[in-house]
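I set aside some time to go through this model and keep notes on what I looked up. The entries follow in the order I made them.

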Amino acid sequence: MQRLKEHLIDGYYAATWPWRARFRQVRARVGLAPVMVLFYHRVADQNLNDWTITNDGFRRHLDWLEANLEVVTLAEAQRRIALRCNPRACVAITFDDGYGENCDKAIGELIQRNMPATYFVTLGNVLSGQPFPHDAKLGIETRPNTIDQLREMAASGVIEIGGHSRTHPDVGAIRDADMLHDEVIAATQELASLIDQPIRYFAFPFGQHANLNDAAINMLRANGILGFCSAYGGYNFPGDDPYHIQRIHGDPELSRLRNWMTIDPRKLNGVKRYQPRYVKQTVAVGGDA
Ligand SMILES: [Zn+2]
């Protein structure tokens, strides 16, 4: 079944290749090349599931990304969206949750290659050492990162730590302002003080349209966070809202990654961008006073 799916994707990729090549060529020529952001969760060789990629698989992804795209920091990706100019298709790499196994090989691999990544962490699990709720529910045994690992990553200068709430809730369903503040702002500030570095970005747990929350987004803006990430797929282009960075799943299958990263026409037109309702405030996007 898996093989059949890969064949179908490869067939679709080949059939749409002329369109893809032309799209990217025209976009690059006018400085409107796509700004893509990938999200991974767990890189490990045991307990494989939909949100785990093997170490070999991850290395193959990095090889492909290095050879085919410009790999940039999340801040640089955001800058290109905001400046309305990107002459070359680029990608930023992110991780969600904070799985301990990522530090066995994957993070070292990124640092060795000097490939930047943003690492979004659920604070409560790092503090308790307990598996993430979505794993616990399925009886999967995983271990979160330790604070020392996060500090080491942050000190590398290649990995930037970001906020991913305290308990990994559906933030979209939270109506209570105090609870919202605790999950989104207080947890992020505590994480920043634990790693002794400022935190600039926040990724919403689950990251689908329904899991986003305008009140939380406005709180993030008011508290100096430079931008937030969703996770429902979707490309960013120069001129889009730079505060909201859309991300694409780093699917373990290389054929799917290649399909996404060379612009899938179905995804280009079929994904609706979430448009937050921003409240007017004195803090500008970018955190300048
Ligand atoms: Zn998550």
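This is a predicted model: local features need pLDDT of at least 70, side-chain atom pairs count only at pLDDT 80 or more; totals for chains, interfaces and linings use all residues.

My search of the whole structure returned 1 cavity of 30 Å³ or more. I listed its lining as Phe39, Tyr40, His41, Arg42, Asp50, Trp51, Thr52, Ile53, His249, Gly250 and Pro252. Sorted by class, I have 5 nonpolar, 4 polar and 2 charged residues there. Strand E1 (35-40) and strand E3 (52-53) each give at least two residues to this lining.

Entry 2, zinc site. Which residues coordinate the zinc ion? I found Asp97 through OD, and His164 and His168 each through NE2, at 2.0 to 2.2 Å. I noted the sequence spacing of the donor residues as D-x66-H-x3-H. Asp97 and His164 are 67 residues apart and link distant parts of the chain. Asp97 sits in the loop between strand E5 (90-95) and helix H4 (106-113), while His164 is in the loop between E7 and helix H8 (177-195). I then checked accessibility, with under 20% as the cut-off for buried. Asp97 is at 0% relative accessibility, so I count Asp97 as buried. His164 is at 1%, so His164 is buried too.

Why do I call E7 (residues 159-163) largely enclosed by the rest of the structure? Because 5 of its 5 residues are buried. I checked both faces: Ile159, Ile161 and Gly163 are buried on one side, and Glu160 and Gly162 on the other. E7 pairs with strand E6 (residues 117-121) in the parallel sense, over 5 bridges. For Phe120, I noted Gly162 as the bridge partner in E7.

Terms used:
Residues are numbered from 1 along each chain as its sequence is written. Side-chain values use heavy atoms; hydrogens and water are left out. Buried means under 20% relative accessible area, exposed over 50%, partly exposed in between (1.4 Å probe, protein chains only). Helices (H or I, at least four residues) and strands (E, at least two) are DSSP runs, numbered from the N terminus. Two strands pair if DSSP finds at least two bridges between them. Donors are N, O and S atoms within 2.8 Å of the metal (3.2 Å for Na, K and Ca); water is not among the atoms, so sites may look incomplete. On a 1 Å grid over the protein atoms alone, a cavity is a set of points where a 1.4 Å probe fits but cannot get out, and a pocket is an open set with protein on both sides within 12 Å along at least five of seven lines; lining residues have an atom within 4 Å of a point. Grid points are joined across faces, edges and corners, and a volume is the space filled by probe spheres set on the points. Ala, Val, Leu, Ile, Met, Phe, Trp, Tyr, Cys and Pro count as nonpolar, Asp, Glu, Lys and Arg as charged, and the others, Gly among them, as polar.
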